[in-house]
Amino acid sequence: MSRLKKNKEEIITAYLCVLPWILGLSIFIVGPIIASFIFSFMDYSVVLPPKFIGLSNYKKMFFEDPLLWKSLYNTLYMTVIGVPLNILLSLSIALLLNQKIKGEAFFRTVFYLPSIVPQVAMSLLWMWILNPQIGLINYLLSLFGIKGPMWLASEQWAKPAFIIMGLWGIGGNMVIFLAGLQNVPQHLYDAATVDGANIWQRFRYVTLPMLSPTIFFVLIMGIIGTLQIFTQAYIMTAGGPMDSTLFYVYHLFNKAFRDFHMGYASAMAWFLFIIVFAVTMLNLKLSPRWVYYETE
Amino acid sequence: MKRSLKVTVITLFCIVSIVTQLSLSLAAKRTLEVWASGGKVWEDTYQEFQKTHPDIELKFVPLTGGFDERKQKLLSAVAGGVPPDVMWVDRFEVSQWAAFDALTPLNKYLPKYKVSSSQYIRQTWDEAIFPWDNQLYALPWQTDDRLIFWNKDIFKEAGLNPDKFPVTWEEWLELNKKLTKFDDKGNVTRIGFSVVEGLGANGAEWALGWANGGEYMTARSTKVTLNNPKLVETLEFLVKMTDASGGVEKASSFQGTWGTEVQAPFFAGKIAAMINGDWTFESIARYAPNLNFGVAPIYRRDIYKKEKKLVPITFSGGHAFAIPKGAKNPDDAFQFIKWITSDGTKAHRKASMAFSASMNRPWAPIIYAYQASNKESLEALAEQPVSQAIKDGVKLAHEVLAYTRFRDRSPAALLMQREFLGHARDEALYHKKTPKQALDDANKVIQSELDRLIDEWENRTGRKLK
């Protein structure tokens, strides 16, 4: 009897302890998520009471808003080209920095450093670096006799410019890869070496499979992050030139906070959620083909 | 027993303190919550209000952050039912707020507090009226306008008459071609005459559209007319001008090399001539006091072509003070916005002059919407140690206000701005679409949004616009 009572007390205490978190989650996260789902079927301009309009927002989105598709294309472009490049480069640098070399800690710091620069500062800095006339990049290209493109002023080059800028901040992924590399047991390499594997074979048949869960994680996070890309375009190009950097979330922001078209913006948010969800599911589905878990 | 005593004591303590708080706040002065710009000059101005209105206690909350951020704060406060009593708004957005029923109409307060439209510059007053219900939703505080500025030294060097700016657009194009310079790699090193916002100019597009006799919307803002032939012709001209200064890509990468303050492109000789705002005079006084510059109005092209008569045209924006719907204390709020837009502008000028003096900076006035205050501004400027050219320029900026226009008032005003300057203009400048196509497309987008807003408004108010 008293034991039962004590148990009950413990349970109550436990709930009280997690209560702040539960409240925070339900008020600030779950609540708005549900609200946005409801608003997506409404005409809602924040100040006026919302009005139910059925599927109109979705209809308008899919059939009457060419900018939606353009912004989706821009965002997918960044994802399809930017994320693999990012992984390739951060993995390569992690591999290099995983060697026992002099000044290893120094180099790791140097490569990690850019990723702690706030997005806003980074954007302002890169506006100078990317300037076609006086920027560093075009200057370096000119040393090789290449006439650099107009970068942010050009419809074709603005997105690649953002991708290059993103590669500057690979430090975060690099650290994750480094941690993953530390976890590859030395005995596997030793065994491979004994079997006569060369450096490429050791990488291909030992490092890569052992690292595949890390790559998978970085891939998923990278895709989700890139699908929500916003800050750079907001600060550097305002979506231009010619909507070439109007990304999905930026378009959503315009609709929500500039036109007060919250219902429509909520519908857009849910469409993005479905895309992210589908892409992630597809990734999970495909992952058994290439991701290797040691515990299996 | 002991425990319940503790609980009782705490509860009692809470009740007592709440009751004391309540009675204290009830006994206190009427408070007025104002959300507006901060900074030394404003704080001094508010203090002056406090002195003249001892029975009202001003609770001032400075608005920080950019344009978007400020608006979101106000929006969530109004939506949440806890709006301030007074808020500072961009005048061209007043109609958007009004259409969403977020502001208190002011008409009924005007006779009560003896406020008349004639005290204010006509256009600034009109811009605060929502054309769908003809109610006034804000009192205008300040305004600005646009003029042509040119660098006389560059004109002389190029063998042009430095004292006269050409009038026709054909001459402007020639001038731009002549004064734009490139280096041996083909990079732009100087723009001859900038008429594109973001590439050295400000507000030029709107002004030139009107100069050409174009209209962006119908009078009551129910139909978008962005694609009318006059505006198409204006955009064609903007494209020609931009192409003459190297094309939009080269011009914008040149723009990326510009500095600010002393290094601003006009002061550094990187722009020979531009259409820009009257605030340029203050910058000249501060950063380039020895600049040899000229100023001229933009003239109506359509009238000049027909009658050879020079009629100025310019473009004004500016800010206003409004009372949100649901403000707890609208009468005091009105007293405040009346004061801040009339006598308060004098206090504001005094504070800004004192501030400039304390920073050892030259002073030049901004333009207030309150007419009487501007006369005093010009008198104050006459005493200032700034060049005669600046004094004459500021005077001209005040004179052309009689001819000024503002962007069409509509709940879709922001979308119009984005579609016109952000999309249509860029599509034309980048030669993606012809100016006609670009404006046709933008017109459709804005009209569809406007129709939605009209429907919403008609359904809610039970009134008909068409």
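This is a predicted model: local features need pLDDT of at least 70, side-chain atom pairs count only at pLDDT 80 or more; totals for chains, interfaces and linings use all residues.
**Entry 1: the interface**

I began with the contact between the two chains. I found 29 residues of chain A in contact with 37 residues of chain B. The area buried between chain A and chain B is about 3000 Å². Carbon and sulfur atoms give 58% of that area. I then looked up which residues of chain A lose the most area to chain B, and they are Gln133(A), Met242(A) and Phe260(A). Together these three account for 23% of what the chain A side buries.

**Entry 2: polar and charged pairs between the chains**

Next I looked at pairs that cross the interface. The rule finds four salt bridges between chain A and chain B. I noted Asp43(A) with Arg452(B), whose closest N and O atoms are 3.0 Å apart. For polar contacts, the rule finds eleven residue pairs across the interface of chain A and chain B.

Which helix of chain A gives the most to the side that touches chain B? I found helix α12 of chain A, residues 248-258, with four residues. I also sorted the chain A side by class: 15 residues are nonpolar, six are polar and eight are charged.

**Entry 3: salt bridges over all chains**

I checked the total as well, and by this rule 35 salt bridges are found over all chains. I looked up the one between Arg418(B) and Asp259(A), with the closest N and O atoms 3.0 Å apart. This pair crosses between chains. Arg418(B) sits in helix α18 of chain B, residues 413-429. Asp259(A) lies in the loop between α12 and α13 of chain A.

**Entry 4: α12 and α17 of chain B**

I turned to helix packing in chain B. The axes of α12(B), residues 280-287, and α17(B), residues 388-399, come within 10 Å and cross at roughly 170 degrees. An angle over 145 degrees counts as roughly antiparallel, so α12(B) and α17(B) are roughly antiparallel to each other. From α12(B), I listed Phe281(B), Ile284(B) and Ala285(B). They meet Ile390(B), Gly393(B), Val394(B) and Ala397(B) of α17(B). By class, this contact of α12(B) with α17(B) has six nonpolar residues, one polar and no charged.

**Entry 5: α16 and α17 of chain B**

I then checked α16(B), residues 371-382, against α17(B). Their axes come within 10 Å and cross at roughly 170 degrees. α16(B) is therefore roughly antiparallel to α17(B). Asn374(B), Leu378(B), Leu381(B) and Ala382(B) of α16(B) meet Lys391(B), Val394(B), Lys395(B) and His398(B) of α17(B). I counted the classes in the contact of α16(B) with α17(B) as four nonpolar, two polar and two charged.

Conventions: Residues are numbered from 1 along each chain as its sequence is written. Chains are lettered from A and ligands numbered from 1 in the order in which they are written. Side-chain values use heavy atoms; hydrogens and water are left out. Contact means heavy atoms within 4.5 Å. Buried area is the accessible area (1.4 Å probe) that two parts lose on being put together, summed over both. A salt bridge is a side-chain nitrogen of Lys or Arg within 4 Å of a carboxyl oxygen of Asp or Glu. A polar contact is a pair of N or O atoms within 3.5 Å; within protein, one must be able to donate a hydrogen and the other to accept it, and residues adjacent in sequence count only if both atoms are side-chain atoms. Helices (H or I, at least four residues) and strands (E, at least two) are DSSP runs, numbered from the N terminus. Ala, Val, Leu, Ile, Met, Phe, Trp, Tyr, Cys and Pro count as nonpolar, Asp, Glu, Lys and Arg as charged, and the others, Gly among them, as polar. Axes are lines fitted to C-alpha atoms, for helices over the stretch in contact, and angles run from 0 to 180 degrees between N-to-C directions. Angles under 35 degrees count as roughly parallel, over 145 as roughly antiparallel, 65 to 115 as roughly perpendicular and the rest as oblique.
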